[in-house]
Amino acid sequence: MQIIVGLRNPGKAYEATRHNVGAEAVTALGISHGASWRRRPLRSRCETATLRIGGRRVLLGMPLRMMNVSGGPVSYLVRYNRAATEDVLVIHDDIDLPFGRLRFRPGGSAGGHNGVKSVARALGSEGFWRLKIGVGRPPSGMDPAAYVLKPFRRTERDVIDQAVEKSAELAELWVENPLAARQTAGEWRPLA
């Protein structure tokens with residue numbers, strides 16, 4: 001089984017914020033396949049949906065814990081489904097990527113992202129795949145932690161919607177061909 005996780009902070013207060021863009025991508029993938037979301041297994045502390053892509057069973061997950069402690073729920077999904085670490089894709093925001101750009105890669109460091117650090121710590125490995133969505137740098141003097149909890153401006157939404165849609169497509173491609181997904185992400189640019 002392959003597992004695709006969208007990192008987020010749960011709850012209405014955090015919807016449409018920069019930090020939740022990974023969950024937006026996983027939601028878009030679920031919608032494109034008519035997936036039904038539920039809290040299952042109960043101990044996972046995740047909303048999940050199961051679907052088939054190219055004949056393969058894929059589990060979508062969105063933790064019901066805050067971003068910085070999302071590793072426990074992700075680790076539970078991996079153990080419960082007996083998935084290998086390299087069969088996990090985590091989609092998340094990245095302030096170090098240009099706005100709307102995507103980066104797909106296997107393994108590597110967390111790069112200062114506390115949600116990714118939590119997942120790596122809980123899995124005991126950094127060997128999972130990551131799809132990063134660039135949300136831009138905070139304005140001068142603004143705390144990055146406060147910046148990622150802000151919603152996108154209306155003028156930014158079109159570019160982010162393109163990035164979310166492309167991320168859902170890349171996640172689907174990753175299921176069958178991770179290297180093609182990585183190459184496609186590197187070549188993709190949002191329309192201004």
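Buried means under 20% relative accessible area, exposed means over 50%, and partly exposed covers what lies in between; the legends below use these words for a predicted model.

View 1. Because the ring planes stand at 65 degrees, with the centres 6.2 Å apart, the pair of Phe99 and Phe152 is edge-to-face.

**View 2. The aromatic pair of Tyr76 and Tyr80 in helix α2.** The count of aromatic pairs comes to 3, and among them is the stacked pair of Tyr76 and Tyr80, with 5.8 Å from centre to centre and 20 degrees between the planes. Both tyrosines lie in helix α2 (residues 71-80), where they are 4 residues apart, about one turn of the helix. Tyr76 counts as buried because its relative accessibility is 18%.

**View 3. Arg130 and the ring of Phe128.** In this close-up Arg130 lies over the face of Phe128, at 4.2 Å from the ring centre.

**View 4. Strand β1 and its two partner strands.** Strand β1 (residues 2-6) is mostly covered, with 5 of its 5 residues buried. Gln2, Ile4 and Gly6 are buried on one side of β1, and Ile3 and Val5 are buried on the other, so that both faces are covered. The strand pairs in the parallel sense with β4 (residues 56-63) over 4 bridges, and Ile3 has Leu59 of β4 as its bridge partner. The pairing of β1 with β5 is also in the parallel sense and over 4 bridges; here the bridge partner of Ile4 is Leu89 of β5.

**View 5. The largest pocket and its lining.** The largest pocket has a volume of about 420 Å³ and is lined by 25 residues, of which His19, Gly112, His113, Asn114 and Val148 lie nearest its centre. Two or more lining residues come from each of the elements β5 (88-94), β6 (102-106), α3 (114-123) and α4 (144-147), and β5 gives the most, with 3 residues. By residue class, the lining of the largest pocket divides into 9 nonpolar, 10 polar and 6 charged residues.

Technical notes: Residues are numbered from 1 along each chain as its sequence is written. This is a predicted model: local features need pLDDT of at least 70, side-chain atom pairs count only at pLDDT 80 or more; totals for chains, interfaces and linings use all residues. Side-chain values use heavy atoms; hydrogens and water are left out. On a 1 Å grid over the protein atoms alone, a cavity is a set of points where a 1.4 Å probe fits but cannot get out, and a pocket is an open set with protein on both sides within 12 Å along at least five of seven lines; lining residues have an atom within 4 Å of a point. Grid points are joined across faces, edges and corners, and a volume is the space filled by probe spheres set on the points. Ala, Val, Leu, Ile, Met, Phe, Trp, Tyr, Cys and Pro count as nonpolar, Asp, Glu, Lys and Arg as charged, and the others, Gly among them, as polar. Rings of Phe, Tyr and Trp (its six-membered ring) pair if their centres lie within 6.5 Å; planes under 30 degrees apart count as stacked, over 60 as edge-to-face and the rest as tilted. Buried means under 20% relative accessible area, exposed over 50%, partly exposed in between (1.4 Å probe, protein chains only). A charge sits over a ring if NZ of Lys or CZ of Arg is within 6 Å of the ring centre and within 35 degrees of the ring normal. Two strands pair if DSSP finds at least two bridges between them.
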